[in-house]
Amino acid sequence: MRLTDNTRSVLILRLAAVAVGVLFVLVDPSAGLAGALPHRSPLGPLLLLGLLAVSTVLGPLLLARTRHRARAEAAWLATDLLLVGGLTRLTAGADSVFYLYFPVVLAWSAVGTGPLSGALAGLAAAAVFGLLAGAQSGLRAVVQTAVLLPLLGGVLGSARLLHRRSLLARLEAARAARAQWQRLDRAASTMRQMAALPLETRVERFLTDLLEVGRADVGLVALLDEDGVPTVAGVRNLELREWRGRRVLPDSGVVARVLGAGEVAVTERMDLDPEWTESFAGLEAAAALAVPLQIEGRTLGFALAGRSNGRRFSRNEVEALRVLADQATVVIHDARVQEQLRDLLYSAVNTLTAALEAKDPYTRGHSQRVATSAAAIAAEMGLPPEQVEQIRLASLLHDIGKIATPEHILRKRGSLSAEERLIVNQHAERGAAILREMRPFRPLVDLVLHHQESYDGTGYPDGLAGEAIPLGARIIRVADTFDALISDRPYRRGKSLTEAVEEVRRMAGTTLDPAVVETFLRVLATKPPFDIQLRMWREGS
């Protein structure tokens, strides 16, 4: 049986009492201690002390196994009191140390904690003493015992109660700290899954974790803009219109301290602290905490957590929120870097498409329209956001290889000759070759290379068929074909939307993937891109 700390302490106390009792029984009378046995044999008291030791050891074992704990504790206490009463009678009655020591210690350790329990234990011990030794010791001894033992028991019970409360407080603090770090661990696990999420979503996830780990009611995240001014990027349980996008003065109030010194600021009464109200006037919270978002010596902004109940943030909570903020800063910094790279990437894409459109004015807007339709198809098919984005980029660049095609061929008003057609058909391979030389565009190479493959294997450049063609390329082919059908060319006028839809239906299963065609037609029927909506309005469709 595994003993609890409380049971173990009771066992030690009771066994120590028995050991002291043995010393008193065997002590030399010349020592002058009350309770020595000058004329009597110590065998009787020693036997009772042995029984006390057995009762002390067996008591916790029986209590742990019985369902009737209250009855077992009462029987244990009664046994001890009878044994102690016998010891008292055998060791000189009122002059015995046992009536001052054993009854209270043993009874109190069996009954429990608190002044009332201790006093009752002392009273029970006094009653047993009065029954067994009262006639021998006299009324005065009985009265003294009835006063002294409950008083001593109350003092001992109070001491034990204070000790127990101290242990419980430490245990509760340990449990709270453990729960705090468990919440923090869950938050860290959530953040590790944010690699593909945009900045706004990451901020929202951080706010959720901030309120959970900090057990807060309101939250706010502000990030430094290009001017170095903290601008609110996300709020939780605050008026969104009032706070989203608000700029906070970085050189005054508590924000200046948090951003300048990089330290955590905590207040118990935010509404009464001028340093806080200067920065967050109108924010309804009592206790609040502001923590900087820093990475590699750079400050990205700060986060704020507030409690409406006024309960202060403990040291463990402050440390946990600091760790959470450090983790969130990495995730937010990564999102910002990705946004910068994405902006750079789109700038490069726009530059390339602008160069192509300058060479072939008849393709102006074609790549953007294809990209819009292809992304709508991919999203309707339930593809993950990162794959939808990849298809959008590849659509913008699908014709980039035409930049190497002679202008007289691109602008020719009549039908192309076989030789000219062969030159134009090389644009897929040339586009893939261009993108292959630029690392950020390498994931798009296969989509651009195969965007002219046909579902039945009659396309180019490799004659792939069916699902051997990358899905993104099949999606681009459908969007490209539809836009080509409705667009004007030097050698023909574009078809109407109705005619183009019928043409695409006829091509399903031969040139085009039928599943992609079905998805595209569903997009046209339910949520067509804006440029197609405009065309529908013009045609009265």
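In which helix do Glu502 and Arg505 both lie, and how many residues apart are they?

Mentor: Both residues lie in helix 19, three residues apart, which is about one turn of the helix; helices (H or I, at least four residues) and strands (E, at least two) are DSSP runs, numbered from the N terminus. Please keep in mind that this is a predicted model, in which local features need pLDDT of at least 70 and side-chain atom pairs count only at pLDDT 80 or more, while totals for chains, interfaces and linings use all residues. Residues are numbered from 1 along each chain as its sequence is written, and side-chain values use heavy atoms, with hydrogens and water left out.

The side chains of Glu502 and Arg505 meet in a salt bridge, at 3.0 Å from N to O, where the term asks for a side-chain nitrogen of Lys or Arg within 4 Å of a carboxyl oxygen of Asp or Glu. Glu502 has a relative accessibility of 37% and counts as partly exposed, and Arg505, at 44%, is partly exposed too, because that class lies between buried, under 20% relative accessible area, and exposed, over 50% (1.4 Å probe, protein chains only).

For another setting, consider Arg307 and Glu317, whose side chains form a salt bridge at 2.9 Å, N to O. Arg307 lies in strand 5 and Glu317 in helix 11, so this pair ties together parts that are ten residues apart in sequence. Arg307 is buried at 1% relative accessibility, and Glu317 is buried at 1% as well. These two residues also belong, with Arg215 and Arg311, to a network of salt bridges.
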